[in-house]
Amino acid sequence: MSTVIRLVNMASSVAVENNATSVKKIKVAIGEMTGVLPEYVRKYYPEAVKGTMLEGSELEIEEVPLLGECQECQEKFRPDKSNDYACPKCHSSNCKILQGRKTELVSIAFE
């Protein structure tokens, strides 16, 4: 719920800064490795926006898969248990995470 409230507060702040009277839609990107479950964001969103300028707005969620890049051979891959989080090409465990670790407010549509 705290993540949903944080997103609602961010969207409200942006809308107020732009002299909006209401928010019609927000788009959120949720990374696979954030621990934030999209189904709970959907579930708690209506309650979190009650009484705010986001009440009645649409919530769109983009689920962002985990993507890593091997720092040895530059292979891009999806780290997971099946490959022991290592590069499938050279088997190095020296991996840089490129995406999938953030929850972000992507866009806001308002009036």
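User: How far is the sulfur of Cys-73 from the closest cysteine sulfur?

Analyst: In this predicted model, a disulfide is counted when two cysteine sulfur atoms lie within 2.5 Å. The closest cysteine sulfur to that of Cys-73 belongs to Cys-87, and the gap is too far for a bond, at 3.6 Å.

User: What conventions apply, and at which pLDDT do side-chain atom pairs count?

Analyst: Numbering starts from 1 along each chain as its sequence is written, and side-chain values use heavy atoms, with hydrogens and water left out. The model is predicted: totals for chains, interfaces and linings use all residues, local features need pLDDT of at least 70, and side-chain atom pairs count only at pLDDT 80 or more.

User: How many disulfides does a search of the whole structure find?

Analyst: A disulfide is a covalent bond between the sulfur atoms of two cysteines. Cys-95 is in none, since the nearest cysteine sulfur, in Cys-70, is 7.3 Å away. Over the whole structure, the number of disulfides found is zero.

User: Is Cys-73 buried, partly exposed or exposed?

Analyst: Buried means a relative accessible area under 20%, exposed means over 50%, and partly exposed is in between, using a 1.4 Å probe and protein chains only. Cys-95 has 23% and falls in the middle class. With 24%, Cys-73 is partly exposed.

User: Which strand gives the most to the lining of the largest pocket?

Analyst: Strands are DSSP runs of E with at least two residues and helices are runs of H or I with at least four, numbered from the N terminus. Both β1 (23–31) and β5 (95–99) supply at least two residues each to this lining. The top contributor, with three residues, is β5.

User: How much space lies in the largest pocket?

Analyst: On a 1 Å grid over the protein atoms alone, a pocket is an open set of points where a 1.4 Å probe fits, with protein on both sides within 12 Å along at least five of seven lines; lining residues have an atom within 4 Å of a point. Points are joined across faces, edges and corners, and the volume is the space filled by probe spheres set on them. The lining includes Ala-29, Val-64, Ile-97 and Arg-101. The space comes to about 150 Å³.

User: How many residues in that lining are charged?

Analyst: Asp, Glu, Lys and Arg count as charged; Ala, Val, Leu, Ile, Met, Phe, Trp, Tyr, Cys and Pro as nonpolar; the others, Gly among them, as polar. Arg-101, Lys-102 and Glu-104 are among the lining residues. By class there are four nonpolar, three polar, and for charged, three.

User: What does Ala-29 sit in, and how far is its C-alpha atom from that of Glu-63?

Analyst: Ala-29 is part of strand β1. The residue is buried, with a relative accessible area of 5%. Although Ala-29 and Glu-63 are 34 residues apart along the chain, their C-alpha atoms are separated by 5.9 Å.

User: How far apart are the end C-alpha atoms of helix α2?

Analyst: The expected span is 1.5 Å times one less than the number of residues. For the 12 residues of α2 (residues 38–49) that gives 16 Å, and the model agrees, with its end C-alpha atoms apart by 16 Å.

User: Within what arc do the buried residues of α2 fall?

Analyst: The buried residues of α2 are Pro-38, Val-41, Tyr-45, Ala-48 and Val-49. The arc is taken from the directions running from the helix axis to the C-beta atoms. Seen down the axis, these residues line one face of the helix because they fall within an arc of 80°.

User: What is phi of Asp-84?

Analyst: Asp-84 lies in the loop between β4 (76–77) and β5. The residue is exposed, at 64% relative accessible area. Its phi is positive although Asp-84 is not a glycine, with a value near 55°.

User: Where is Gln-74, and what is its phi?

Analyst: Gln-74 is in the loop between β3 (67–70) and β4. At 48% relative accessibility, Gln-74 is partly exposed. This residue is not a glycine, yet its phi is positive, about 65°.
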